[in-house]
Amino acid sequence: MSARHPIIAITGSSGAGTTSVTRTFENIFRREGVRAATIEGDSFHRYDRKDMKTRLAEAEKQGNRNFSHFGPENNLFAELEQLFQSYGTTGTGKRRKYLHNDEEAAPYKQEAGTFTPWEDIPPDTQLLFYEGLHGAVVTPEVDIARHPDLLIGVVPVINLEWVQKLWRDKKQRGYSTEAVTDTILRRMPDYVNYICPQFTHTHVNFQRVPMVDTSNPFMARDIPSPDESMVVIRFANPKGIDFQYLLSMVHDSFMSRANTIVVPGGKMELAMQLIFTPFIWRMVERQRQALGAL
């Protein structure tokens, strides 16, 4: 953790909804005039799309049915921790982009599914913002979770997570239900061992719970809307959180435990704005004081 070069990390599985949380933070940064260096978790995969397909086929030939993007063998965990360490110490580091589709790839004149070259993070950023799969990974070799000043988990209940992944991969990427189901099953051991444990290290977790039947996510025709959901917000350390203020500002919310508030799904962005804007203010103020003391 660093007062001069703070780090915010959003971590969650594929289909969890981390992208929508990222948009909320982008709105906060824009409104508050904060210059953030954005890091995409997918850019720390070890292999591009073609290489990953080749290695997946090789793994299946060898009887490995659990080869996935979630585990350490297919990700640059050490390099991600090095980035967090470097940025927290000096405000510098290396980053790249993963180009998901033709639209993203066009400005770089590259194929979709490839990485851009590594480049230096701009020298004038105020904080580092990470969004991806592994912002709180802890293994015998790395401890990424110890670096962020604010670590947020996005964890819908598992059936909703699968509904969201199925809808996105089928509608936006053209995959079949069978192909997406195969991916979910193949990733399950790494999901249990490398995704779920991260949420014991997060400072705040957001878990969306649908209020409609998702008992068979593989037959769902659409994603439950925010208004058909509740969001459980759990604070690892509730000290300093003004729950009474949140309850008064977010209508129809309530506390389910001493460190947990439940809000309507449609009010999730409002709740995040109310919770995290003061965090950003405090980060910027600590940074100003720390730099002024040099």
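Helix α6 gives the largest share of the lining of the largest cavity, namely four residues, where helices (H or I, at least four residues) and strands (E, at least two) are DSSP runs numbered from the N terminus. The model is predicted, so that local features need pLDDT of at least 70 and side-chain atom pairs count only at pLDDT 80 or more, while totals for chains, interfaces and linings use all residues. Residues are numbered from 1 along each chain as its sequence is written, and side-chain values use heavy atoms, with hydrogens and water left out.

**Cavities**

- The structure holds three cavities of 30 Å³ or more, a cavity being a set of points on a 1 Å grid over the protein atoms alone where a 1.4 Å probe fits but cannot get out, and lining residues having an atom within 4 Å of a point.
- By class, the lining of the largest cavity has five nonpolar, two polar and three charged residues, with Ala, Val, Leu, Ile, Met, Phe, Trp, Tyr, Cys and Pro counted as nonpolar, Asp, Glu, Lys and Arg as charged, and the others, Gly among them, as polar.
- The second largest cavity, of about 50 Å³, is lined by T38, E40, R95, R96, K97, T116 and E119, of which none is nonpolar, two are polar and five are charged.

**Second largest pocket**

- The second largest pocket has a volume of about 360 Å³, a pocket being an open set of points with protein on both sides within 12 Å along at least five of seven lines.
- Of the 15 residues lining the second largest pocket, D149, L150, H203, N237 and F279 are the closest to its centre.
- Helix α8 (residues 268–292) supplies the largest share of this pocket's lining, four residues, and the lining as a whole has eight nonpolar, three polar and four charged residues.

**Residue F254**

- F254 lies in strand β9 (residues 254–257) and counts as partly exposed because its relative accessibility is 41%, which falls between buried (under 20%) and exposed (over 50%) for a 1.4 Å probe and protein chains only.
- Leaving aside residues up to four places away in sequence, F254 touches M230, L247, T260, I261 and V262, contact meaning heavy atoms within 4.5 Å.

Terms used: Points joined across faces, edges and corners; volume = space filled by probe spheres on them.
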